[in-house]
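Open the model in your viewer and get ready to select residues. We will go from a sheet to a set of rings.

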Amino acid sequence: MMKRFVYINDDSSQNLYCDNRISNRKYTILNFLPKNLWEQFRRFMNQYFLLIACLQLWSLITPVNPASTWGPLIIIFAVSATKEAWDDYNRYLSDKQANEKEVWVVKDGIRKHIKAQDIHVGNIVWLRENDEVPCDLVLIGTSEPQGICYVETAALDGETDLKTRVLPSSCIGLTPEQLHKIKGVIECPNPDKDIRRFDSNMRLFPPFIDNDLCPLTIDNTLLQSCYLRNTEWACGVAVYTGNETKLGMSRGVPEPKLTAVDAMIDKLTGAIFLFQIVVVIVLGFAGNIWKDTEARKQWYAQYPEDGPWYELLVIPLRFELLCSIMIPISLKVSLDLVKSIYAKFIDWDEEMYDHETMTAPHAANTAISEDLGQVEYILTDKTGTLTENKMSFRRCCINGTFYGNESGDALKDVELLNAVINNVPDVIRFLTIMTICNTVVPVRSMSGNILYKAQSQDEDALVNAAARLHMVLISKNGNSLEINFNGKLIHYEILDTLEFTSERKRMSVVVKDSEDGKILLLSKGADEAILPLSYAGQQIRPFVDAVDQYAQLGLRTLCLGWRELKDDEYKDWSQAFKEARSTLVNREWKLDEVCQRLEHDLEVIGVTAVEDQLQDGVPETIETLRKAGINFWMLTGDKQKTAIQIALLCNFISSEPRGQLLFINGKTEDEVLRSLERVLLTMKITSSEPKDLAFVVDGWALEIILKQYRSVFTELAILSRTAICCRVTPSQKAQLVELLKSCDYRTLAIGDGGNDVRMIQNADIGVGISGREGLQAARAADYSIGKFRFLKRLILVHGRYSYNRTAFLSQYSFYKSLLICFIQIFFSFFSGVSGTSLFNSISLMAYNVFYTSVPVLTVVLDKDLTEKTVMQNPQILFYCQAGRLLNPSTFAGWFGRSLYHALVVFLITVHAYADEKSEMEQLSMVALSGCIWLQAFVVTIEMNSFTIFHHLAIWGNLLCFYGLNLMISAIPSAGLYTIMFRLCRQPSYWITLFLITVVGMGPVLALKYFRYTYRSSAINILQQAERSRVATFSIRDLDSQLKSIEKDVGSLASRNKFKSSVYEPLITDSPTATRRAVGPSAFDFLQPAQSRDDQNAGLLEIVCMLTE
Amino acid sequence: MNNSAAGTSSGSGDVSAPRRNSNRPKYSRFTQQELPACKPILTPRWVISVFTLIGVIFIPIGIAALRASTNVVEIVKRYDADCIPGNNTKAYKVAYIQDKNIDKTCNITLRVPKDMDPPIYVYYQLDNFYQNHRRYVKSRNDAQLKDRGKANDTSGCDPEDASNGSPIVPCGLIAWSLFNDTYNFSIGNQNLTVNKRGISWKSDRDHKFGNDVFPRNFQNGTLIGGASLDENTPLSQQEDLIVWMRTAALPTFRKSYGKIEQNLRENDTITVTIKNNYNTYSFSGKKKLVLSTSSWLGGKNDFIGITYLTIGGLCFFLAIAFTGVYLVKPRKLGDPSYLSWNRNPSGR
C-alpha cells in the first residue's frame, strides 16, 4: 500500500508534494483552442460536418460556396467553445479567489499570513471561528479545553448539522506556544476521495514524547471546504493540499447521460446518413453515365476527352456535398438550446417550490428532460422520500410492558410518567440508553436552551423523548457526559464508541458511571442485530412481539440492550480495539470483528417505536403515476413489516383481496431459489386475473439472487409491476437499478440520503429530495426537488412536454433539411445530373441557420394539453413512454411530407417560371420562398397553442426573410441584385407562392382534420374535451372511461391474432426494446402467460389500437 | 429544562433560510409557462370554411389567369430541321453547321393567327440546352465583366480563360457559346424592324456589365464557339450577350431577341430570314423562333390558370365531402365514447 509521510512543521520536506494551488480549470489560455477543438471533434456529427466542409474547399466539386457550411460550422463551434471558455473563466475566478485567500500558517515558529495557495504539506494552519478550511488538515489543537471543535461539512457532503471533530489523544492539552514548535510525523495513505475514511497514525517527536502510535480517523481531520463553527480557533497539519485533497479527488466529471430520445435521434440520423449514401451513389452513377452519353455531345461544356484519374469520383462527391444538408447542422444547437430552456422551466416552476423547507426544484442535468416523460420504472427509497423523515417517539416496550398503546403517544402515557417518577430501574436504564447511546451533540444556544445536533433523525427523536421524560442530555465534552435526571446531575465518562455501520446495524458505547465506577456497555440497533446477542436464557419473545406489533403500524423500531463489563474484560478488549483502530489495512473489517467480541450476552431491555409520517400527497402521487403506467419498486433499508405497512399506506400495494404479496425469502441458496421459482410461477398463473401482485424480497435473499439467479429474477422483474425490497444495502439498490436498465427500461431513482447516491447516479434519471438527511442525494441527482409529491408534476408536466417538444423539434429539423435537399435532387435531373446547386450559398446557409431554425424554437412554449388535463388523465403518458411521437414511423411521415412538399415546390416553380422566366436566380428565389412559406405553415399547423412569441417568430420570420432578401437585392455586387424587387412586383410570383402554399398544405390540413376527427388519438380527444365548454363534466366522464381502459385492454389482448398494420418500430427492434417500449405493464400484468414473444406482439397491437 | 429540549431542531434551519429563500423562483407568466395562448382546434366548421374560402378565392384567380393566358398571342416556329437541306444523318448535319463556307441563310414563313398588339416580343427558344450544367454555369467571371481593370481576372473561366497567352474578355464557356442565329423579319416586301435595345435587364447594363469594358481576344482560339462580339462596343451595350449570360435554370428556355413595335394583323404572313449558325445538331437540341405578346402574368402559360381552377374545384369538393361526412356521421368533439377502446367492445 502506498503511503505518504508528512513531517510536521518541517520545511525541508515540503516540496515532495504539490502546493495548495487549487485548479479546477480544464484549459489554459495556450491549450484552449487545440483541446477544445479536439473535444468537439470527438463527436461523430462534428467530424462529419468537418469532412463536408473540407471537401467543399475543393472548388472542382463544391456546388456552393464553402462558406455555407463553414459559416454554420464555425458558429456552432464558436458557441460551444465560448460556453466552455466562459465556464472555465468562472472556474478560474473562483479558484483564484480561493487560492489568494489569506491564511495563518506557522513558519519558522512564527505565525504568518500567507496566501492559501502557498500552503505546503506539513505546514501548521491556524483557523478562526467561521473560517473555511483551506486544505485537508489533521487537527492538533483547538481552543476548547476538551479537545474538540465543530465543523460544518455542508460543502463536502451536503449535511447541514454540525459535526464534532476531536484532537488525537497525544495532542490533547498542548498550549498554542507548544503547537508552534511541534514536530512529528503522520503516516497516511496516498490521497483518495473517500470522505468517510482517514486511516492513519501520528507519532510526535521529542520533546512531545509519546511513544504510542496515535491512531487517526476521519474524526481527527478538518477537510477542505468545511467551516469551523462554535470554536474560537483550531489548528492542524496540512496532509493533503491543492487538487489532492479529499474534495479535490472526489471531484469528477460525471458520465453524460444519453436519453432515449437522443438515442432515437442518433438512429434516425444514421438512417438518413445511409439514405444519403444511397442517393449519392445512385446520382453519382447516373451523373457519370449522363456525362459519358450526353454531356460529351454538349460542345458548349467542352468536356475534355481524358479527365484526371479521379474524374469518376467528381460527380458522386458533388452530390455528397449537395446532399450533406440532409443532416441538419443546426439540430444539435437547437436541441441544446431547448433542453436548457426545459431545465430552466423546472428551476422556475413555482408549483414545485417547497414552501416548508423553502427549496426550489433544480435541474442539475439540463440534457435529459425528455427522459422524464419516458420513465417506466421508479425506484424509490422509503425513509425521507415517501416519509417526512421527521421522527417522533410514539411507543415503547420496556421489559414486556407496552407504553403508549392507548393514546398512541408514549410521552403522554401516565403509566410511563409514573414509572419515571417512581424510579423503576428498568425504565431508568431504558431512558439512560436512549440518552447516552448516540452521537448527538448538545449545543447550548444564546438563550440558554439546549439544542441537539443529530446526524440521525432517529437519535434526535430518542434524545428529545428522553428529555421530555425528564432525562436531559446536558453536555458532552470530549469524554465526559452530563445528564440531568429530575434535577439530579449524573456524570458519565465515555470510554469508547462502537460506531454504527450499515453492516453492523447497531451502535454501542462503553461508559463509566462516575459515581460507582461501573463500566457499562450500552447498545441500540435493529432487532435482528440486537436480539440474537441477548444472554442465554433471556425471554426475547415479548420483544419480538413488540417489534412485530410496531412494524404492523408502520413504526420504526430499535432494540435497546446493555451489559455490565468487568474491568479486566474491558481492559483486554480496549487494547484490541485500540490496535484495530490504528491499523491501516482493512481497518473497518477489523473494527467490526473487535466490536463483535464485546457485544454479546446483552440484556435486552426494551423496544422503541418511532413514527415517521408520510409526506403530503404521497398516496395520490403514487396512484397518479401508477395510472400513467409507471411501475414502482420500493427499496428500503427498513424492516419488511414496516416497509409493507408504509407501502399499504401510500397506495403502493393493495390489501387483500385486491392485492397479493408474494414473499421471496430463505437463508440458503436452495431455499431462495425454490421460493423465487414459486413466486415466478404464481406470478405467471395469476397474471390473467386483475389482481395487484407484488413481490417482497429482503436484502439477504437478494444478495443470493443477484449472485446466482439473476436471469430468473430478471424474468420476475419484467412481470411484476410492484416490488418491495427491504433491508437492502446501497450497492444492492444500485444493482437493482442496473438490472432494470439491462432490460432496457427507463428507470428513475428517487431518494434523499447518502445511501441512495449510488442508485441515483446509476439510474437513467436520478431525483434527489433535498431532505433532512442532508443534500448528498440532491447533489448527486439530475433533479432535486423538495418533496416526493412534486415528482408527479416533474414527470407528467415537465417530462411530457419536453418529450413532445423535442419530438417535434427534431423531426421538423430533418423535415426542413430534407425539403431543401430533395429540391436540389430534383433540380439535378434538370441540370444534366451534374451537381449544380439550385440555391445560392447565402440562401442555403440562411435557410438552415435562420429562416427555419427560429420559428420552430417557439416549440418550447407549446402545450398540447393543459397541465390540469394531463394531471387528471395521467394515462396520456403512454404516448411518451411508448415513444409514439418520435419513432421511425412518425419520422417516415415527416420524410414523406418533405418529399411531397419538395415535389410541390419544385414542380409548381418549374412550370410557373418556365420559358422566358426561367432565369436561374429568379427561379431559385421562387423555390426558396415557397419553402419558407410552407415551413411557416407547417410550424403553424403542428403547434397546438399560440402565444405572442409564436406569432412573432413565425410571421416575424417571414417578414425577416423578405427584409433580408430585399436588402441583399439592393447590393449591386450580389448575385441576387434586384431579384427580390423584381419578384415582389410580379403578380405571378405571389400567385405562384399562394398556389404552392395551398397545394402543399391542403392535403396536410385535410389529413390532419380527418385523423383528428375520425381517427382521433386520445390526445386529440382530450384536446377537444378540454376546449369544449363542458370541459369539467366530460373530463370527469373521460376519467372514468380511461379507468376502464385496463379492463378493455385486457379483452383486446386476447384478440391479438389480428395483426395491426401500424408499425411500431420501437417495439420490433429487439425483444428487449419491446418490453422497453411497451413499458406500461398494466398490460404486462393483465397478459396471460404465453410465450414472451406472443405477449409482445399482443401488447404491440394494444398500444397501436389505443393510440391510433 | 423540558422546553429546552422541545425547541431543538429548529436551529439549523434558521441559518440557511435566507440563503435558500433567494432560490425561490420569481413568478412570471413566462417562467410558469402560462403565457396567454390561443389554442385553435380543427373543428369541422373551421376546416370546411377554410376549404370553401380557398375555393372561392382560387376559382376567380384561375379564371383570370387562364383568360390572361389565352389572350396572349404566340407564334412558335421550330426551324432547326427546316434550315438544313434534306433529311440527313446527324453527322451530316453537324458537318454542315460547322462548315464555315456554306451560306446558312434560310427562309421560313409565319402566319399570324390573331391580331397582335405591340410590344411583340421576339424570343429564340432552345431545347435540351443545359445552361445550368455544373461545368457551364460557373464558367464566367463577374468581376471581369464589370471592371475594366480586372481583365486579367479569369478565375473560374477555364477552359475559355485565355488564348494565345492573353486573357479573353469576356471569358468563360457561357460567353464563348453565345447564340449567333440572326433573324430578319418582313411582311410582304416591307421590312419589319426589330428593336434590339432594352431587351436585357437595366440593372445588368448599369451594374453588372461595365460601360468601359470592351471585348478582347474573343473567339480567337482554335475552337470557335458562338457569336463574335464587336470589339468597339462596350459590354454594357452588348445586349445579346447580357441576355445570354443570364443563365436559364431549365434545359428548355427562351431568351429575348428583340421587340417588334408595330401591330400585326390576323393572317399576315411574315417571312423570316434566318442565319442558321448555331450548332444544336450535335446534341439534338431544337431551335424555335417565338413571337409573343404579353399579359399581366407574362407570356402564354396555361399552367397557373388550370392549376388554380383544379385546386379550387378540389377544395370545394373537399368542403362538400367533409360537410357530407359531418352531416351523415356527426361526431361530438371530445366525446369519450369515441375513444378507440370504447369503439371496440368486442372480444368479451
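Select Ser508(A). Its bridge partner in β24(A) is Ser523(A). Now show strands β23 (residues 506-513) and β24 (residues 519-525) of chain A: they pair in the antiparallel sense over 7 bridges. Strands pair if DSSP finds at least two bridges between them. Helices (H or I, at least four residues) and strands (E, at least two) are DSSP runs, numbered from the N terminus.

A word on the source: this is a predicted model, where local features need pLDDT of at least 70 and side-chain atom pairs count only at pLDDT 80 or more, while totals for chains, interfaces and linings use all residues. Residues are numbered from 1 along each chain as its sequence is written, chains are lettered from A and ligands numbered from 1 in the order in which they are written, and side-chain values use heavy atoms, leaving out hydrogens and water.

Next, select Phe179(B) and Trp244(B). Their ring centres are 6.3 Å apart and their planes at 25°, so the pair is stacked. Rings of Phe, Tyr and Trp (its six-membered ring) pair if their centres lie within 6.5 Å; planes under 30 degrees apart count as stacked, over 60 as edge-to-face and the rest as tilted.

Is Trp244(B) buried or exposed? At 0% relative accessibility, Trp244(B) counts as buried. Phe179(B), at 7%, is also buried. Buried means under 20% relative accessible area, exposed over 50%, partly exposed in between (1.4 Å probe, protein chains only).

Last stop: Arg982(A). Its charged end sits over the ring of Trp201(B), 3.7 Å from the centre. That requires NZ of Lys or CZ of Arg within 6 Å of the ring centre and within 35 degrees of the ring normal.
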